[in-house]
Amino acid sequence: MPPSPLRKPSALKKGDTVGIVAPSSPPFEAGNLSFATDWLQKMGIKFKLGAHLGKSYSSYAGDDQARAEDLHTLWDDDQVSAILPLRGGAGATRLLPLLDFSLFERKPKILVGFSDITALLIAIHQKSNLVTFHGPTVGLMFETAYTHAHYQKAIMGISPLGLISDPPLEPWGSEYPPRRMIIAAGKGRGRLTGGCLTLIRGLMGTDYEIETEGRIVFLEDVDEEPHNIDRMLSQLVLAGKFDRAAGIIIGDCSGCKPGGSKRNILPLNMSVEAILKERLGKLGIPVIFGLKFGHTADKITLPLGVMASLDTTGSVRFEIEEAACVDKTAILKK
Amino acid sequence: MLIKPPSLKSKDRIALLAPASRPAKPSALKRAEAIVSAMNFTPVVGAHALDMHGPMAGSDEARLCDLISAIEDDSIAAIWFLTGGYGSLHLISNLPYSTFAKNPKIVLGADDNSHLLFALHQASRVVTFYGNNLDRIDSKAAVERMAHFFAGTQCEDDNQLDYGAAQFPPLQVKDKVVADFCYAPVAGVKEGSVLAGNLTALVSLFGTKFEPQLSETILLLEDRNERNDILDRWFTTLYISNKLATIAALGLGRFENCGTRQSANMLSFEELVADRVSEINLPTCFNLPFGQSSDCAIVPLGLRASLDTAKGTLRYLESAFTGR
């Protein structure tokens with residue numbers, strides 16, 4: 001059976017309604033939510049809230065059934081054009097066995113998030129054959145002008161994101177990692193997939209395991225010990241996940257330095273940069289480190305499933321070649 | 001067919017290796033040698049045990065060289081790991097598994113070395129042993145117990161554990177009320193072959209060709225220095241992979257220095273696990289004396305055993321060693 005064609009959601013338009021859910025952890029405070037909804041109003045977007053949004057169970061926003069129910073209810077709601085998780089945290093992976101992937105396939109919608117939301121992005125992208133978006137949660141989409149511009153272009157536009165440029169540098173001072181450090185030179189072209197490394201590791205050996213063949217894989221993490229980054233990358237290498245990948249893009253992995261996790265700290269360490277060179281430097285595919293996505297204030301929105309290219313033979317060139325959304329009115333005409 | 005290593009004779013040579021992290025300090029090596037000598041065996045420290053490469057005891061090549069030499073050298077009767085930490089995952093692609101199956105020997109260790117114990121057991125079908133790394137041996141009683149374990153003889157202490165018996169000594173909570181209160185969210189008695197190790201290490205093998213076969217096993221898990229939500233992540237992987245539902249019974253050991261670790265709103269790992277095992281009705285108990293500290297039992301991977309979760313007792317149905 002040939003694979004069913006990749007589905008793309010309709011671009012979000014002014015006047016549309018979005019559904020705000022908390023599939024992972026709850027909002028820290030009610031005020032976190034109002035700031036996000038004020039921003040949506042400024043964008044001319046209406047919203048509906050998940051019924052269990054403020055619930056709490058351990059570090060999760062209510063029990064698994066409640067969080068899954070909110071996701072299903074708002075996704076099924078024909079007035080809702082996009083599902084925007086409020087934040088990540090922990091717990092999204094727990095929902096996967098409860099999800100109705102046929103609903104997401106029947107009603108393609110925008111889903112945007114990162115960090116813990118990675119579990120939903122990958123599972124729904126693969127199981128429902130839908131473009132999903134690794135970008136800011138609705139609680140963070142206004143962090144910087146760079147973040148917001150890329151977010152709007154990705155979910156409200158119908159043209160390809162095109163050549164990706166970095167945010168402007170501060171006139172003074174240094175930044176680490178450099179934005180596009182070349183770990184391995186080469187050229188690659190393929191569909192995008194990826195997300196937070198911790199979440200990707202958590203899907204290994206399950207039905208939702210990341211598919212990387214022919215893909216440009218983007219990876220990032222936050223506040224992890226370098227040896228834990230090494231462990232997760234080594235697992236992916238051992239599983240052959242980069243054997244037929246087209247390229248690898250590592251985000252800036254903020255806080256991934258010795259002691260960063262406040263747990264599981266070793267007396268001797270290696271930097272993430274040294275680990276990347278050792279584990280990913282000789283795979284024969286292009287690899288860069290330091291692109292702005294994930295746990296940084298500046299972040300691009302990366303659509304899982306669309307064609308992209310990475311050229312690290314000269315100055316690094318990363319282009320998202322294909323549009324992630326379609327025009328709703330065009331669909332209606334059909 | 002399960003392959004069992006022979007137990008040791010006095011003066012037999014034991015390789016002391018660091019396939020993961022570098023031992024904390026040179027005296028750790030000297031101390032390890034003294035412990036093994038006091039047990040009346042001959043210590044042979046790996047050539048690269050104090051090498052340095054990031055957290056690891058030397059490059060992958062150096063650590064691999066020590067481990068392969070010890071597996072291939074017929075004069076080495078057993079391999080005992082010096083410390084855990086991180087790094088053994090890098091070595092499992094290149095081990096001489098068929099040599100090890102033909103010439104099995106005791107391999108003992110814990111923590112990160114779990115990768116090696118799982119891989120050697122899975123790929124060679126040899127019984128490997130989850131038990132203290134040398135840097136966790138911290139009492140005279142522990143030294144004596146290890147001496148009897150390697151020799152396959154009976155301890156002369158209060159417990160009289162006989163490591164050479166037709167049935168390997170059981171793992172059981174000693175003081176069911178105070179020290180090791182055993183909690184069984186799902187009571188049951190199940191038989192299966194034992195798999196035991198570190199939860200983080202087990203999940204690190206998922207999706208790789210070294211992923212342990214969990215079906216019909218009695219699975220014992222432990223971890224160290226980890227926060228409950230992270231432990232729940234890895235336990236969730238077991239659950240959503242549908243592999244948890246295929247095991248016969250689950251025993252949770254010590255989760256040393258684990259907990260909420262300054263998080264403001266987090267349940268115990270026990271509750272997060274109990275939710276799952278209750279739902280699938282998997283016989284499970286907590287607080288078995290299994291883990292990394294020296295009061296924890298040695299657990300042979302691969303032996304047939306029966307776990308009574310309500311009693312907190314794992315009884316082995318066979319011996320761990322071949323006759324000499």
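The questions and answers below go through a predicted model with chains A and B.

Student: How many helices and strands are there in chain A, and what is the radius of gyration of chain A?

Tutor: Chain A has 10 helices and 14 strands. For 334 residues the globule rule gives 20 Å, and the value for chain A is close to that, so chain A is as compact as a globular protein of that length. The C-alpha atoms fill a box of roughly 50 × 50 × 45 Å along the principal axes. The radius of gyration of chain A is 19 Å.

Student: What percentage of the residues of chain A count as buried?

Tutor: Among contacts in chain A with a separation of 6 or more, 81% are between residues 24 or more positions apart. A residue is buried if 20 or more other C-beta atoms lie within 10 Å of its own. Of the 334 residues of chain A, the buried part is 56%.

Student: Which domains does the assignment give for chain A, and how far apart are their C-alpha centres?

Tutor: The assignment gives domain 1 (17–160) and domain 2 (163–320) of chain A. The contact between them takes 28 residues from domain 1 and 26 residues from domain 2. Their C-alpha centres are separated by 23 Å.

Student: Which element gives the most to the side of domain 1 of chain A that touches domain 2 of chain A?

Tutor: By class, that side of domain 1 of chain A has 15 nonpolar, 11 polar and two charged residues. Helix 5 (118–127), strand 5 (132–134) and helix 6 (145–156) of chain A each give two or more residues to that side. The element that gives the most, with seven residues, is helix 5 of chain A.

Student: How many residues of chain B are in contact with chain A, and which helix gives the largest share of that side?

Tutor: The contact joins 31 residues of chain B to 27 residues of chain A. On the chain B side, 10 residues are nonpolar, 14 polar and seven charged. The largest share of that side is five residues, and they come from helix 7 (residues 228–240) of chain B.

Student: What are the edge strands of the open sheet of eight strands in chain A?

Tutor: The sheet has the order 6-14-13-8-9-10-11-7, and its pairing is mixed. Within the sheet, strand 9 (residues 215–220) and strand 10 of chain A run parallel and are joined by four bridges, with A:Ile216 opposite A:Gly247. The edge strands pair on one side only, and they are strand 6 and strand 7 of chain A.

Student: How many residues of helix 4 of chain B are buried?

Tutor: Helix 4 covers residues 114–124 of chain B and is mostly covered. Among the buried residues are B:Leu116, B:Leu117, B:Phe118 and B:Leu120. What covers them includes helix 3 (97–102), strand 8 (189–198) and helix 6 (199–204) of chain B. Of the 11 residues of helix 4 of chain B, the buried ones number 10.

Key:
Residues are numbered from 1 along each chain as its sequence is written. Chains are lettered from A and ligands numbered from 1 in the order in which they are written. This is a predicted model: local features need pLDDT of at least 70, side-chain atom pairs count only at pLDDT 80 or more; totals for chains, interfaces and linings use all residues. Two residues are in contact if their C-beta atoms, placed from the backbone, lie within 7 Å. Ala, Val, Leu, Ile, Met, Phe, Trp, Tyr, Cys and Pro count as nonpolar, Asp, Glu, Lys and Arg as charged, and the others, Gly among them, as polar. Domain bounds come from an automatic or database domain assignment. The radius of gyration is taken over C-alpha atoms; the globule rule is 2.2 Å times the number of residues to the power 0.38. A residue is buried if 20 or more other C-beta atoms lie within 10 Å of its own, exposed if 12 or fewer, and partly exposed in between; C-beta atoms are placed from the backbone. Two strands pair if DSSP finds at least two bridges between them.
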